[in-house]
Amino acid sequence: MLPCPGDPISWSPKLLSHLLLAAIGGFGVGFLSVFAGGCPFRQHIMAAEGSLSAISYLFGFLSGAVLFHKFIAPIVKALL
């Protein structure tokens, strides 16, 4: 399965490192969601029902996303 010439998505070390980071992040979200009592979608549903713990989970989830994109993503981008 060789990539087509000019294919924007080809197998390169940069692509492999992005896939590795995505796999690690997905595993982290899934693993930590077990401790939180459900997946982020379930937390959205529970927050809509008025669960304060789900609302605090979503606040932390969104804060973590903002912090990642503001501080950690530029570092990872520079390393890749």
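This is a predicted model: local features need pLDDT of at least 70, side-chain atom pairs count only at pLDDT 80 or more; totals for chains, interfaces and linings use all residues.
The protein contains three helices and zero strands. Read from the N terminus, its elements follow the order α-α-α. Of the 80 residues in the protein, 12% are buried. The accessible surface amounts to about 6500 Å², and carbon and sulfur atoms account for 78% of this surface.

The largest nonpolar core consists of five residues, namely Met-46, Ala-47, Ala-54, Tyr-57 and Leu-58. At least two residues of this core are supplied by each of α2 (40–48) and α3 (52–79). Helix α3 provides the largest share, with three residues. In soluble globular proteins, nonpolar side chains tend to be buried together.

Helix α2 was then considered by its faces. The buried residues of this helix are Pro-40, Gln-43, Met-46 and Ala-47. Viewed down the axis of α2, these buried residues fall within an arc of 115°, so they line one face of the helix. An α-helix has 3.6 residues a turn, so residues three or four places apart point the same way. Phe-41 and Ala-48 are exposed, and both lie on the face of α2 turned away from its buried side. Just after α2, Gly-50 adopts a positive phi of about 100°. Two of the buried residues of α2, Met-46 and Ala-47, also belong to the largest nonpolar core.

Ser-33 lies in helix α1, which spans residues 13–36. The relative accessibility of Ser-33 is 6%; this residue therefore counts as buried, the cut-off being under 20%. Its side chain reaches the backbone oxygen of Val-29 at a distance of 2.6 Å. When neighbours within four places in sequence are left aside, Ser-33 is in contact with Gly-38, Cys-39, Pro-40 and Tyr-57.

Key
Residues are numbered from 1 along each chain as its sequence is written. Side-chain values use heavy atoms; hydrogens and water are left out. Helices (H or I, at least four residues) and strands (E, at least two) are DSSP runs, numbered from the N terminus. Buried means under 20% relative accessible area, exposed over 50%, partly exposed in between (1.4 Å probe, protein chains only). A polar contact is a pair of N or O atoms within 3.5 Å; within protein, one must be able to donate a hydrogen and the other to accept it, and residues adjacent in sequence count only if both atoms are side-chain atoms. Contact means heavy atoms within 4.5 Å. A nonpolar core is a set of buried Ala, Val, Leu, Ile, Met, Phe, Trp, Tyr and Cys residues joined through side-chain atoms within 4.5 Å. The arc is that of the directions from the helix axis to the C-beta atoms. Accessible areas come from the Shrake-Rupley method with a 1.4 Å probe; for residues, only the protein chains shown count as cover.
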